[in-house]
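The exercises below are meant to be worked with the sequence and the model side by side. Try each task before reading the solution that follows.

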Amino acid sequence: MGLFDGLLGHGSSVDPGDLAKRLDGVLIDGEQVSLAFKVIRDVFVFTDKRLILIDVQGITGSKVDYMSVPYRAITRFSVETAGTFDLDSELKIWVSGANDPVTKTLKKGTDVRGIQRALAAGVLR
């Protein structure tokens, strides 16, 4: 069901080993991937040093935006879960020096608690 969950927009866990190609040249020496979640084509990568948000854009997916947020720069975050009639959840991450939060829409069924735990673990280091 993992493949179908990813296609339907549900958050599915990603094997850190499968991210090697996508993260080639992105990770610094000694940086280790702790956890990753895939939501449709986008990926949330939690390393021992930072959060990397991989936003795949366009129809072909050839354009990719890598946003790197060091845990020490995260001042707060919130996760709004999906309700009965609201199909989407919303993740907001406030980064020091920025007025507006980084906002990501998560489809219903995404493991928002897992994302929240990973963020809290990174921020509380």
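**Exercise 1. Arg50 and Glu31: are they buried or exposed, and how do their side chains meet?**

Solution. Begin with accessibility: in this predicted model, both Arg50 and Glu31 are buried. Next, inspect the side chains, which meet in a salt bridge with an N to O distance of 2.8 Å. Then place the partners in the chain: Arg50 belongs to strand 4 (residues 50-57), while Glu31 sits in the loop between strand 1 (12-13) and strand 2 (33-39), so that the pair links distant parts of the chain, 19 residues apart. As background, side chains of opposite charge can pair when their charged atoms come close.

**Exercise 2. Starting from Thr47, find the polar partner of its side chain and describe the surroundings of the residue.**

Solution. First locate Thr47, which is in strand 3 (residues 42-47). Its relative accessibility is 0%, and therefore Thr47 counts as buried, the cut-off being under 20%. The side chain of Thr47 makes a polar contact of 2.7 Å with the side chain of Glu31, the residue that also forms the salt bridge with Arg50. A polar atom of the Thr47 side chain also lies 3.0 Å from the backbone nitrogen of Lys49. Finally, leaving aside neighbours within four places in sequence, the contacts of Thr47 are Leu27, Glu31, Gln32, Val33, Ser34, Ile52, Tyr71 and Arg125.

**Exercise 3. How many salt bridges does a search of the whole structure find? Describe the pairs Asp55 with Lys104 and Glu90 with Lys92.**

Solution. The search finds three salt bridges, one of which is the pair of Arg50 and Glu31 already described. For Asp55 and Lys104, the side chains meet at 3.9 Å, N to O. Asp55 lies in strand 4 and Lys104 in strand 8 (residues 102-107), so this pair ties together parts that are 49 residues apart in sequence. Asp55 counts as buried because its relative accessibility is 19%, and Lys104 is likewise buried, with a relative accessible area of 19%; both values need to be read against the cut-off of under 20%. For Glu90 and Lys92, the closest N and O atoms are 3.7 Å apart. Here Glu90, at 26% relative accessibility, counts as partly exposed, and Lys92, at 28%, is also partly exposed.

**Exercise 4. What is the order of the elements from the N terminus on?**

Solution. Count the elements, which are two helices and eight strands, and then read them off as α-β-β-β-β-β-β-β-β-α. To complete the picture, note that buried residues make up 36% of the 125 residues in the chain.

How values were computed. Residues are numbered from 1 along each chain as its sequence is written. This is a predicted model: local features need pLDDT of at least 70, side-chain atom pairs count only at pLDDT 80 or more; totals for chains, interfaces and linings use all residues. Side-chain values use heavy atoms; hydrogens and water are left out. Helices (H or I, at least four residues) and strands (E, at least two) are DSSP runs, numbered from the N terminus. Buried means under 20% relative accessible area, exposed over 50%, partly exposed in between (1.4 Å probe, protein chains only). A polar contact is a pair of N or O atoms within 3.5 Å; within protein, one must be able to donate a hydrogen and the other to accept it, and residues adjacent in sequence count only if both atoms are side-chain atoms. Contact means heavy atoms within 4.5 Å. A salt bridge is a side-chain nitrogen of Lys or Arg within 4 Å of a carboxyl oxygen of Asp or Glu.
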